[in-house]
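Dear colleague,

I am passing on the structure we spoke about, and the notes that follow it set out what was found. Please read them with the model open beside you.

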Amino acid sequence: MDQPSFHVSGAGALYRRAPVPTRIRSMRIKLICLLLGGLLAGSYARAQVTFPVNGVADPREGCYAFTHATIIKEAGSVLQDATLVIRDGRIVSAGTGAAIPQDAVVIDCRGKYIYPSFVDIYSDYGTELVKKSGRGYRSPPQFLSNTKGAFGWNQAIKSEVQAADIFKTDEKKAKTLRQAGFGTVLTHQQDGIARGTGALVTLADDRENKVMVQEQAAALYSFDKGSSTQNYPGSLMGAIALLRQTYLDAQWYKGRPAKEGINLSLQSWNDQQSLPQLFEAEDKWDVLRADKIGDEFGVQYIIKAHGNEYQRMPEMAATKASFILPLDFPQAVDVEDPNDARFVALSDLKEWELAPTEPAAFEKAGIPFCLTAAGMKDVKQFLGNVRKAIDYGLSEQKALDALTKAPAAFIKASDKVGTLDAGKLANFLITSGPLFEDSTILFQNWVQGQRYTINEEGWTDIRGTYTLTLTPGATYTLLVQGKPAAPSLSLVQQKDTLKGSIALDDKLVRLAFPPARGSARTLRLSGVLSGNAWSGNGLDTSGQPVKWNAVFAKAYTPKPDTAKKKTSPELGKVYYPFNGYGWESLPKQQDILVRNATVWTNEQEGKLENTDVLIRNGKIAQVGKNLPAGSARVIDGTGKHLTPGIIDEHSHIAITRGVNEGTQSVTSEVRIADVLNPDDVNIYRQLSGGVTSSHLLHGSANTIGGQTQLIKLRWGADAEALKFAGWDPFIKFALGENVKQSNWGESQRSRFPQTRMGVEQVLTDAFTRARDYEKKGAGKRRDLELDALVEILNHKRFITCHSYVQSEINMLLHVADTFGFTVNTFTHILEGYKVADKMKKHGAGASTFSDWWAYKMEVQDAIPYNASIMQRVGLTVAINSDDAEMARRLNQEAAKSVKYGDMAEEDALKMVTLNPAKLLHVADRVGSIKPGKDADVVLWSDHPLSIYAKAEKTIVDGIVYFDREHDQELRQRIAAERNRLIQKMLGEKKKGAPVKKATPTREILWNCEDMQSGHQRTLINDSDEL
Amino acid sequence: MISKNLLYIACLAGLGGGRAAAQATVYPAPPQQKPVVLTNAVIHVGNGQVIDHGSIAFAAGKITAVGAGVQGEAGAQVIDLKGQHVYPGIIAPATELGLTEVAAVRATNDYEETGELNPSVRAIVAYNTDSKVINTLRSNGILLAQTAPEGGLLSGTSSVVQLDAWNWEDAAYKADGGQHFFMPKLLPSSDPFRAAQQTPANDRVKEGLKKIEQVRTFFREAQAYISEKKHTETNLKFEALRPLFAREQKLFVHCNLVKEMLLAIDFAKEFGFEVVIVGGADSWMIADLLKQHHIAVILAQPHNLPVMQDDDVDQPYKTAAQLQKAGVLFCLSNEGFWQQRNLMFEAGTASAYGLSKEEALSAITLNTAKILGVDQRTGSLEPGKDANIAVSAGDILDMKSSKVTHAFIQGREVNLDDKHKQLYERYKYKYGLK
């Protein structure tokens, strides 16, 4: 213990006048029920062999027997009238016929319940990071770790951190956790991507040596670089890439490669692999991301969930992971001001309502889970939130299991904690009744055989009928009723009932009441409770002394519980995706016949009037006149136009936490595929503009950016199902002002390259390294960055390169020619018209803006005739968006080439359909209306190049993902659901529930040049951040 | 085709020097010498009226007649438009045009002065008539613009310019017609981290309200200053507000959200200003209130994403129609400067989502002129007004047919060449394309 003066010896300690810590003070009061005759558990530190004692030794075994209790050894195992025996901080026995040792202090627990104390395996108790101020956005770049010592290159890989080394007890926090019911926690420093190991510690108020029960109980990971001041990784996809590379590096390091020297981070990493592996997810999709990495490296993580996983239960089940579920349910929002409530999205409102269903959803899905108090601002609410989860469908048995046995089992500590079996730590709760009943009080939490009082009132139930005799004076019948913790007093004298008051303090009691009906005076008694016989002194109404005693006559019979039974709450539905425009159940493929439309085939047949298109099994089945519908749904296309779905070659929608890993000039190891965001409303918005596929690109902050991902806009699907299956992989490159940091401010002047000259060197160097790497033999360090470049050299991965001015375009063509690969696509390529002949000779295609210019120096020669010239020179030309808003008008952007450059209309349409399909190597699947191709089509209200055209139906794989009529219904549903939830929240506020201020739901939009926080084009986002 | 047009135009305009070969030799046209009649045209008057087989005559820079049977004066130059469409010159109502050349290059940016209260700062004196951007606008039919300062709270005065001029004095169409107030955004931070940290001291809404109060106080003091004739010390900032208090200037309040617009209305009430809201993303929510208080709206950029994820996906497209229905005087705007060349397509979209085509046209011509206070001189093709005219081969609001073949500013036939066309020609030449 921290203060040796409390290393007290013997019973005399009770009477010391030394300053008494609160804990001990509160324990004294407990005498009344414990009948200990002066010995206090917890007021001494149990002997530790190597530590010298200052004073007289006080060896104690701390043997206690808790008798006549209802003991719940573990969920589902209930023993009535049972006895729990503990000794030396461990459980000796728990059972109905257990012998009580002679040296046991017996505690009568009649009417009480005993449960295992809770176990929280996601805690930072005693290991909390002291936050230091980090680097600002404007700080100069930091390329390597600042951690001093023989550690790894990246500051976010902190495998060398051992919670056991840094753990310090913290009685204030321990007390809070104990009061919430916890006895043991797995604590770790919650900082970094690899966080080292966690230690299993109890919450006893004792020396670190004693409370630590396992030094290395688990290894922990996250996607959050935490306090690392190093630039890399600057995005979620960078964090994922770093984890992957570290797995590979650690494997490689096992061979002790001489060139690496000693790398303690990798050594620790390897040492920790046999421990349970815990991963903190910040979102339901993070769960899947983590699980995927685990699968790649043969690791099954236990996943600390975020709280919104109930929105995707089938995916959660598929991970086969065990989960740690938080209970920090969102607070209701103050929605009284409609102009503030406007900015709170339905998804937020629904999350408030549905978050408490998460544990029940996991139980229903049969997924193993435990519960954690992590993230809760007020741990006092923890048990209340467990009860709330039970109200929302969690079974009590599962709840108890998830608080005790399950977490212990997850970290292989079942031999120590989690149940009340012999040999385990004596960590248990004594409660007034069944744990999950609202009225139940936690009396005591015993940790390692030491008692910690949570609530003292009500331990002894003094309720009942007594005969009170005053001497001199009358005799009364005394009725003590109410709650055990707050008894009430009334007296019966002849036929009169008198209201009095009773107060207990320790074993002392005081009574006050009028002596007779109608009397305005009060008789006051003070005394002591000695079992069933109370006695003491007092003063009558005239101030004369009296003696009194009260003798127990009859037990209290509680009134039957008339409280209304709780009804399960009425809840809205989960939407897929979790957005106002989501589906209640995912749409199904159907056979469709579009009848009598103007069909823009993009094939030799060209534009066909009055034509039918039959869609079957997600494919175009037939194009012709008067086709038989069969069982297909018929859509009348009279007066309308059917075109292939729009394909956006350059998009940044549906990406999570960073579009650029712009912290190094070469980051070919990062993958957009890792960070798809299926919930992005922009998927739906693009569908409303006829887009069916989007090529999601890494940004343009560095020369060799990340791997891209082509998706189909299957609104409602998860990340894997969004992916365009079987496409050729691509990668984003970039040239010019962004990669040389021309517009990044004065502090960003050190990353190579700072000129277009340097850009060439970055490329040449990268491909030279890749070529050398490929030639290296066995035992080489596998390098994910170079792997991707080798794929380019071997024509297995293809480049789409952000580019503007002719010199740099020309340069890249030369680099590619030197290394023997082809630049597949130049994207943006606003000066492509100047070198279209060279691009053609090389075999490159172009994907450009229709008419953007003047926004920076390198676009001063951009012209709206660019697409037209390149097309006439013979390039495959696409028009792209790089903008979530413009993407839904790409047909109009294509039409601008009719205006500027007189392009033929069908050619113009091809620039947003067939040509991007060609550039992306998927023209055999999409881009035209031809039997056998995917049924990705759009029905337009008007000529598809006209500004007056609206996409009425957007179909992907034969599934109608956007339908203007259905959209109208969704609008009504959004309005109704918003109103229902807002009224519900107003009700909560009225009832006095805490509410939080309405803050706008954030929407992140990315474009090429964004570094940390999206392209802030929408009104609701903060404009004053980078 | 373009080059043919250019030759044609060059001859018509009497430039005589042959085709302009470079941006630098795209000259502003001299004053109209001869009366001109455009015949055989679909005339979109700008006030809703369409004359199918109409003619329009103008002389000395002014429209003299518009109608089905209009004859030109004797000696007038007659141009047979063969069914092309004639429109009032389009007006960009709020732009940094001429105040910047390359957005990312600081040295070219002259639209944002430092400081919070700059009512005496004037955009017109920085307006660069030689900006290469200007020609790319007028070749699309945008012939006038209100060029406006930005930043701070009161950022200065804007002026309406015509886009064919040697210098800013020539360009000034209506100088210093508006004061611009950039109202702070009254919205708590959406950054969850920041929101969690929010204390009353750094509450962004409170901060914003404080700044608004600062502007109010400034106006009150200015009002007091102006009502006293004699001053020992001249306050240029207050002096600059005289036209505003005299209602010779309007107060353009840049804001988007309902609470901000409610406060903008309050400014109109307290000070008697003619208030115009610029932005107005959520104006559809209080259209009736705006109408009731005679507040006009320069509606920013229909080509935008909805404010909130729950909003109707086409909300920004249809806001114009909602304002129209409520009877609010509004016009359409586009962000930025080079982007103004797409202004007519913003109107096209507004038309696809509820406005009639002629209403949509008014929203970039006559309504704009009214809001900028120049409707006596331009905005519609009516006799007596300046001959600010754009001719398009087809529907000017629809990119697939929007091709401007002639444009006249104050009767002067404008050279429609621009840097982009010149680079187009240069590379057609390189590749031997026709």
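This is a predicted model: local features need pLDDT of at least 70, side-chain atom pairs count only at pLDDT 80 or more; totals for chains, interfaces and linings use all residues.

In chain A, 8 strands close into a barrel in the order 18-19-20-21-22-23-24-25, and their pairing is antiparallel. Neighbouring strands of this sheet are turned against each other by 30 degrees on average, with direction ignored. One of the pairings joins strand 19 (residues 475–483) of chain A to strand 20 (residues 486–493) of chain A, which run in the antiparallel sense and share 7 bridges; A:Gly482 stands opposite A:Pro487, a residue of strand 20 of chain A.

As to the domains, the assignment of chain A gives domain 1 (1–58), domain 2 (152–326 + 353–415), domain 3 (464–555), domain 4 (584–645 + 927–963) and domain 5 (646–926). Between the C-alpha centres of domain 2 of chain A and domain 3 of chain A the distance is 56 Å.

Turning to the contact between the chains, 58 residues from chain A and 44 residues from chain B take part in it. On the side of chain A that touches chain B, the elements that give two or more residues are helix 16 (681–687), helix 22 (866–873), helix 23 (890–899) and helix 26 (964–990) of chain A. Helix 23 of chain A provides the largest share of that side, with 5 residues. By residue class, the side of chain A that touches chain B divides into 25 nonpolar, 12 polar and 21 charged residues.

With kind regards

Definitions and conventions: Residues are numbered from 1 along each chain as its sequence is written. Chains are lettered from A and ligands numbered from 1 in the order in which they are written. Two residues are in contact if their C-beta atoms, placed from the backbone, lie within 7 Å. Helices (H or I, at least four residues) and strands (E, at least two) are DSSP runs, numbered from the N terminus. Ala, Val, Leu, Ile, Met, Phe, Trp, Tyr, Cys and Pro count as nonpolar, Asp, Glu, Lys and Arg as charged, and the others, Gly among them, as polar. Domain bounds come from an automatic or database domain assignment. Two strands pair if DSSP finds at least two bridges between them. Axes are lines fitted to C-alpha atoms, for helices over the stretch in contact, and angles run from 0 to 180 degrees between N-to-C directions.
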